[in-house]
Amino acid sequence: MAFLQEGPQLAHPWHDERLLHALLDRTLPASRRAVLDADLAALGDYAQMAWQRVTETTRRKPVLTRWDAWGRRVDRIELTAAWQEGPHLTTRHAVLAAGHAPGEYARLEEFARVYLYHVASEFYTCPLAMTDGAATAIKASGNAALIERALPHFLSRDPAQFWLSGQWMTENIGGSDVSHTETVARRDGDGQWRLHGRKWFSSAVVGEAALALARPEGASEGNAALALFYVETMDGDRRKPELIIDRLKDKLGTQELPTAEIHLDGLPAWPVGELAHGVRQVAPMLNVTRTWNAVCAVASMARAISLARDYATRRQAFGRPLIEQPLHAQTLADMQAEFEGAFALAFEVAHLLGRVENGAAHEAALLRLLTPLVKLWTGKLAVKLCSEALESFGGAGYIEDTGLPQLLRDAQVYPIWEGTTNVLSLDSLRALAGEGFAALRMAVDDWLADGDDAAAAAAITGALDAAAAYLDRHGADRASLEAGARGLAFTLARCAAAALLARQAAWSARRGERRPGAALRRFVGHGLDRLMVPDAEDTGLLLE
């Protein structure tokens, strides 16, 4: 009989997940584990089922039906099975609600659930992130009417009552720069605000609500005059006629996620806060949605590496399994070390977010810096590691019905969603202009305090010293500082990740576990310093 290669099997994402177990064992009180562990086990079961479904069925995309058989405009979107299951999984296992429970561990427990659910959800986690961000922004606004109206739906544990919220900011004229927003808010004869305009990119158009930027009629130009509005999209079981879906986006990845271009033709809206400074009102959600981005990027890395490692035990080449081939083993170990650094930083930011939201104001400057750093670094790393993972399968990694190419296509969204690498590199400069660098140095000293790897500690502090010198040298030259912002951001992210790996390695060593120390040494061995001294003349010549 002809040879048939066995495909990779997905290890159970909870029962066989060492990093998450170790993190929760080190961090969470035992009294909080029973409910969380039950949810994580169930989400791991779902992830295994969903992976099997991906490999056995033809991939589907959402389908937009604009009119029914009798010519009535319906704008109905048919969703994939995972998206239809999303409200039930989310509410049953508190994927979103857990993050808004009281206490410093709420965000950590939320993102542990997100980590296991994300890939299986087919990016249903994207509107969950938007909903989480909307709930956070509405809380921060102090708008009692909206808090009473929207939050019980956004944080519901009942799928029949659960609502998703979109985030409608991007227009034809630009992405991150919203200063030229053309959507206009007008009051009708009854005093009701209504939105008129076109949104080029709406990531959760199937949701029941959204936050949207608009310029109140008669307001001046620029960011400061924009207002943030809350809208609802449904009238019973029908979409409101003032919300018109022009088309669904045909994207490189995240194809199950129905991203739409929409027209707003007088959609009723309610101001979230004052009728100005809408961008400032959006700001509270950025720490939340960027943390979602980072944790989801780490989840994609985990999936890619898990499948690559399993396949290496099943694929024979040149007389032995791939896992026994020295170069292949080296490649997988390098991937694992980078992933473990990213995991450590992403979950530290998740825990930090919960601490700051629950009163740890002294850590706010650290959160302000680490959030853009973790988002930009993990986004780029996810693309790199998913690409390397596909290569480890050889030709099979390029074949659609293996389910593997989807990992790479989907990963490309992480550097783009919630701010590109350049946008976030510049944002990290703003954080450094305040107390960010001092806060990072203090945190790194604390993370290294109990470590016993002197070489790693020296490498980390040396790279931070180099970053400090770089800031001193280029701080007066804004153009030069911005040109080198990427290298600076990657350096700081890697230093933070290495220090967190050192903390975990020290904790594990006291329990007789040597493996985390190996991850630390390998990660540091890849180098921490990514600083670049840009040459403006060469840049100009290369762009001629």
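Helices here are DSSP runs of H or I with at least four residues, strands are runs of E with at least two, and both are numbered from the N terminus. This is a predicted model, so local features need pLDDT of at least 70 and side-chain atom pairs count only at pLDDT 80 or more, while totals for chains, interfaces and linings use all residues. Residues are numbered from 1 along each chain as its sequence is written, and side-chain values use heavy atoms, with hydrogens and water left out.

**Helix α3**

- Just after α3, A94 has a positive phi of about 55°.

**Cysteines**

- The disulfide count is 0, where a disulfide is a pair of cysteine sulfur atoms within 2.5 Å.
- For C296, the closest cysteine sulfur belongs to C126 and lies 8.7 Å away, so that is too far for a bond.
- C386 is in no disulfide either, as the nearest cysteine sulfur, that of C296, is 12 Å away.
- C296 is buried at 0% relative accessible area, and C386 is buried at 0% too.

**Salt bridges**

- There are 35 salt bridges in the structure, each being a side-chain nitrogen of Lys or Arg within 4 Å of a carboxyl oxygen of Asp or Glu.
- R107 pairs with D132, with the closest N and O atoms 2.9 Å apart. R107 lies in helix α4 and D132 in helix α5, so this pair ties together parts that are 25 residues apart in sequence. Both R107 and D132 are buried.
- D246 and R198 meet at 3.3 Å, N to O. This one links distant parts of the chain, 48 residues apart: D246 is in strand β10 (residues 243-248) and R198 in strand β5 (residues 193-202).
- D246 is partly exposed at 22%, and R198 is partly exposed at 24%. Shared partners join R198, D246, R247, K249 and E261 into one salt-bridge network.
- D68 bridges to R72 at 3.1 Å between the closest N and O atoms; D68 is buried at 18%, whereas R72 is partly exposed at 43%.

Terms used: Buried means under 20% relative accessible area, exposed over 50%, partly exposed in between (1.4 Å probe, protein chains only).
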